[in-house]
Amino acid sequence: MPRVEAKAIHRELESGTLWPVYWLYGSEKLKARELFVRIRNACFQSSDARALSFGGLNEEVLDADQVDCASIVDSAQTLTLGGGLRLITIRDAHLLKNQEALAPLLGPPASRSDLASVCVFFSKDLDGRKKFTKLLLDKAAVVSCEEVPEAQRESWVLYLAKRKGVSLSESLRMTLCSLDPWSLELIDQELEKFNIGQSEDVILGGSSPNRSSDFFIDQFFRRNLHTALPCVSHFAGEPQSALPLLGLLGWNVRQMASLLADQKTGARNTKVSPFILEKLRAWMPFWTLDEVLALQEKLLEVDFNLKQKPYLPLGLWTLLVTQFCKEPS
């Protein structure tokens with residue numbers, strides 16, 4: 001069968017159905033971790049006193065760089081002292097060699113009572129060139145936990161915020177959607193900081209409205225030297241704030257470059273949320289496509305210099321702002 005959607009797995013687990021093998025692949029660790037928690041809960045229900053009483057004896061965690069496939073099969077087929085279902089977790093499964101040896105573990109979904117073991121493999125990727133991958137897709141639950149497309153970021157931010165009971169302003173929503181690098185795990189951490197601090201200022205280390213990343217980015221993209229330049233001294237010397245902010249600038253630049261290219265050709269290839277689109281369109285009149293592409297190159301240079309060269313961060317940020325911003329006319 002093809003790759004299985006996580007929602008389909010949720011429905012199966014709720015009905016008491018489990019696959020002998022789950023193969024979770026991709027870079028979004030939060031997706032994989034949360035699905036694993038559901039699988040584990042389904043394996044060890046609170047009503048199963050025997051499994052709970054023997055605790056860790058029913059579970060085993062293996063690292064793919066320390067075991068071979070034959071050992072994994074042996075472990076899955078070993079009966080536990082207290083009986084009941086056995087859960088085997090295999091980390092870094094993409095490192096396993098001779099994966100065809102895992103074939104005895106594969107099979108169709110079944111009720112929990114009919115299974116002796118469940119194996120959950122965590123893999124960096126799914127190599128479609130391998131012969132074993134076709135077998136895996138036919139006889140296991142293969143779930144993509146790959147990175148979230150930019151067009152879907154906002155819905156995930158809202159989902160995670162709702163789960164934490166956090167209400168987000170539009171500016172904070174945009175900030176979280178625009179972070180670069182971006183991952184669900186990072187967003188979850190930033191929302192937790194916001195939930196504890198009850199202030200938007202904790203995001204990216206901001207400490208007051210005129211120092212916040214949102215204010216600086218808005219003024220920078222409006223190319224207002226008078227208001228953008230004073231902000232630099234508040235974050236340039238703090239890598240925990242400056243580097244995420246640089247990533248945030250880079251993300252907005254990529255979106256604006258794409259929109260300006262669409263505007264030039266009449267295409268509609270760029271997909272962002274209406275709120276972010278409104279922000280970008282407010283900045284676009286201040287830039288040409290060539291200027292945005294030049295800024296994109298400059299940001300890569302600043303990123304390299306901040307991480308690899310002994311230059312003063314304040315000087316690099318000041319040069320960036322003065323090169324691309326102007327005095328109000």
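Student: In H2, which residues are buried?
Tutor: This is a predicted model, where local features need pLDDT of at least 70, side-chain atom pairs count only at pLDDT 80 or more, and totals for chains, interfaces and linings use all residues. Residues are numbered from 1 along each chain as its sequence is written, and side-chain values use heavy atoms, with hydrogens and water left out. Buried means under 20% relative accessible area, with a 1.4 Å probe and protein chains only. In H2, the buried residues are Leu30, Ala32, Leu35, Phe36, Ile39, Ala42 and Cys43.

Student: Are H11 and H13 roughly parallel or roughly antiparallel to each other?
Tutor: Helix H11 (residues 239-265) and helix H13 (residues 289-308) pack at about 160 degrees, with axes 9 Å apart. Axes are lines fitted to C-alpha atoms over the stretch in contact, and angles run from 0 to 180 degrees between N-to-C directions. Angles over 145 degrees count as roughly antiparallel, under 35 as roughly parallel. H11 and H13 are therefore roughly antiparallel.

Student: What percentage of the 329 residues of the chain count as buried?
Tutor: The chain holds 14 helices and seven strands, strands being DSSP E runs of at least two residues. Of its 329 residues, the buried share is 45%.

Notes. Helices (H or I, at least four residues) and strands (E, at least two) are DSSP runs, numbered from the N terminus. Angles under 35 degrees count as roughly parallel, over 145 as roughly antiparallel, 65 to 115 as roughly perpendicular and the rest as oblique. Buried means under 20% relative accessible area, exposed over 50%, partly exposed in between (1.4 Å probe, protein chains only).
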